[in-house]
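The following exercises concern one protein model. Please work through each task before reading its solution.

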Amino acid sequence: MELGSSVGAVRSKRVLLGDQVRPAVIMIKDGKIHQILSDSDFPGGEVMDVGDSVVMPGIVDCHVHVNEPGRVSWEGFWTATRAAAAGGVTTIVDMPLNSLPPTTTVGNFHEKRLEAAGKCFVDTAFWGGVIPGNHLELRPMIQAGVAGFKCFLIHSGVEEFPHVTERDLHAAMAQLQGTGSVLLFHAEVDVQQTTQEDGDPRQYSTFLQSRPDVMEMEAIRTITALCLQYQVRCHIVHLSSAKPLELIQEARQAGAPLTVETTHHYLSLCAEDIPAGATQFKCCPPIRGSVNQEQLWSALKAGQIDMVVSDHSPCTPDLKKLVNGDFTEAWGGISSLQFGLPLFWSSASKRGFQLSDVARLLSLQTARLSRLDDRKGSLAPGYDADLVVWDPEKEFEIKEASIHHKNKLTPYLGLTLRGVVCATIVRGHLVYREGSFCPEPLGTHLLIQL
């Protein structure tokens with residue numbers, strides 16, 4: 001079967017259907033799942049037989065910084081979506097920054113869509129942004145098809161996407177009331193440090209101490225109060241600290257429509273293991289200690305954390321300050337879009353998580369947040385035929401030559417992981433198979449209609 005061709009049927013001995021893994025044939029028609037049959041009911045005809053490889057809903061990664069237009073030396077739609085396809089990701093949702101211009105007006109949104117046209121190997125949706133003074137742009141952006149909005153409660157790292165004040169948030173929330181849209185928060189605020197220590201900037205502990213848990217705690221205190229007051233869907237991105245989980249649970253029990261994600265790096269990497277000067281590990285909020293990490297895993301298992309995403313945030317190598325190894329100066333962001341599925345499975349499988357948990361946390365819940373769950377994130381008739389075919393037992397080593405992100409710098413280089421993606425199917429088209437891609441991008445833009 002040629003790359004780029006339409007697949008009419010996929011047969012496997014291990015198809016994930018709900019909570020069960022069983023033999024099945026997925027029949028595809030016009031890019032949608034038409035029927036799911038047992039092998040004995042399959043009428044015959046051309047079929048892509050993948051043996052005992054697992055077939056699951058394609059991954060929906062709803063936290064990706066593509067950076068185009070404007071910072072294409074950092075990434076871009078062509079390279080980001082190829083990396084996604086190689087990782088079994090069939091849908092990405094692009095963040096409103098660090099592109100130039102940011103997605104904070106309808107005009108900027110149209111500019112981004114024009115830039116992305118003809119470059120996406122997987123399906124792509126878009127977040128808008130909330131910045132000071134743009135509250136009257138929000139409803140027009142909803143009508144234009146953004147999936148929702150993101151804001152920062154602390155400096156974003158780029159000047160063109162300033163963080164918001166509580167006054168800005170009240171104005172934005174008033175606009176979002178009754179729309180069904182969602183507001184995503186980078187949940188850190190500046191707090192008055194009681195002691196200011198001048199540590200060695202090459203030591204990770206120096207950076208970690210500069211972003212304590214209390215920064216997340218106080219931000220989430222503000223978010224939960226706003227969420228309860230306005231009853232607007234709110235979402236906490238990249239939770240790194242386990243300490244605010246109790247606050248989040250209390251707000252939910254009080255009726256706050258609040259969800260929360262964590263990332264692969266907070267679940268896979270520990271502060272104790274980060275070498276001096278290894279700035280490829282820097283991100284904000286920071287990677288914390290191993291005790292905190294186990295608390296995040298427990299919260300994930302208990303349903304207190306709703307989903308897991310990459311927060312793929314690449315940059316050019318010079319911005320990581322690898323020469324001097326200064327954590328305080330380096331760009332904060334980790335590249336991992338291609339490796340989310342094996343990163344998660346390598347750790348989760350050791351902690352009793354099942355394949356159904358993987359699909360729920362990496363596909364279904366992320367699709368639901370982005371309001372794509374009417375067509376993405378599930379294997380069922382009527383849904384888009386977005387499939388990942390993978391071998392959860394097979395191991396591989398991450399090598400630079402096999403990385404499809406534009407910039408190859410990642411803290412995972414040299415790591416051995418479990419879970420090899422064999423093929424990726426987007427709306428019935430075979431877009432990736434064993435290291436090769438379809439000749440032309442076949443992804444589409446997903447505009448959210450209320």
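**Exercise 1.** How many bridges join β9 to strand β10, and in which direction do the two run?

*Solution.* The model is predicted: local features need pLDDT of at least 70, side-chain atom pairs count only at pLDDT 80 or more, and totals for chains, interfaces and linings use all residues. Residues are numbered from 1 along each chain as its sequence is written, and side-chain values use heavy atoms, without hydrogens and water.

Step 1. Helices (H or I, at least four residues) and strands (E, at least two) are DSSP runs, numbered from the N terminus. Two strands pair if DSSP finds at least two bridges between them.

Step 2. Strand β10 (residues 149-152) is joined to β9 by 2 bridges, and the strands run parallel. Within β10, Lys-150 is the bridge partner of Gly-129.

Step 3. The order β9-β10-β11-β12-β13-β14 describes an open sheet of 6 strands with parallel pairing. Because β9 (128-129) and β14 (307-309) each have a single partner strand, they stand at the edges, and one side of each lacks a neighbour in the sheet.

Step 4. Helix α6 (residues 213-230) packs on this sheet and touches β11 (182-186), β12 (233-237) and β13 (258-263). The direction of α6 makes about 165° with that of β12.

**Exercise 2.** Describe how α6 and α7 are arranged, and list the residues of their contact.

*Solution.* Step 1. Axes are lines fitted to C-alpha atoms, for helices over the stretch in contact, and angles run from 0 to 180 degrees between N-to-C directions. The axes of α6 and helix α7 (residues 245-253) cross at roughly 5° and come within 10 Å. Therefore α6 is roughly parallel to α7 (angles under 35 degrees).

Step 2. The contact (heavy atoms within 4.5 Å) involves Met-217, Ile-220, Arg-221, Thr-224 and Leu-228 of α6, together with Leu-247, Ile-248 and Ala-251 of α7.

**Exercise 3.** Determine whether Arg-288 is buried or exposed, and identify its polar partners.

*Solution.* Step 1. Arg-288 is located in the loop between α8 (264-268) and α9 (290-301). Its relative accessibility is 6%, so Arg-288 counts as buried (under 20% relative accessible area; exposed is over 50%, with a 1.4 Å probe and protein chains only).

Step 2. A polar atom of the Arg-288 side chain lies 2.9 Å from the backbone oxygen of Arg-211.

Step 3. The side chains of Arg-288 and Ser-240 make a polar contact at 3.0 Å (a pair of N or O atoms within 3.5 Å; within protein, one must be able to donate a hydrogen and the other to accept it, and residues adjacent in sequence count only if both atoms are side-chain atoms).

Key. Parallel < 35°, antiparallel > 145°, perpendicular 65-115°, else oblique.
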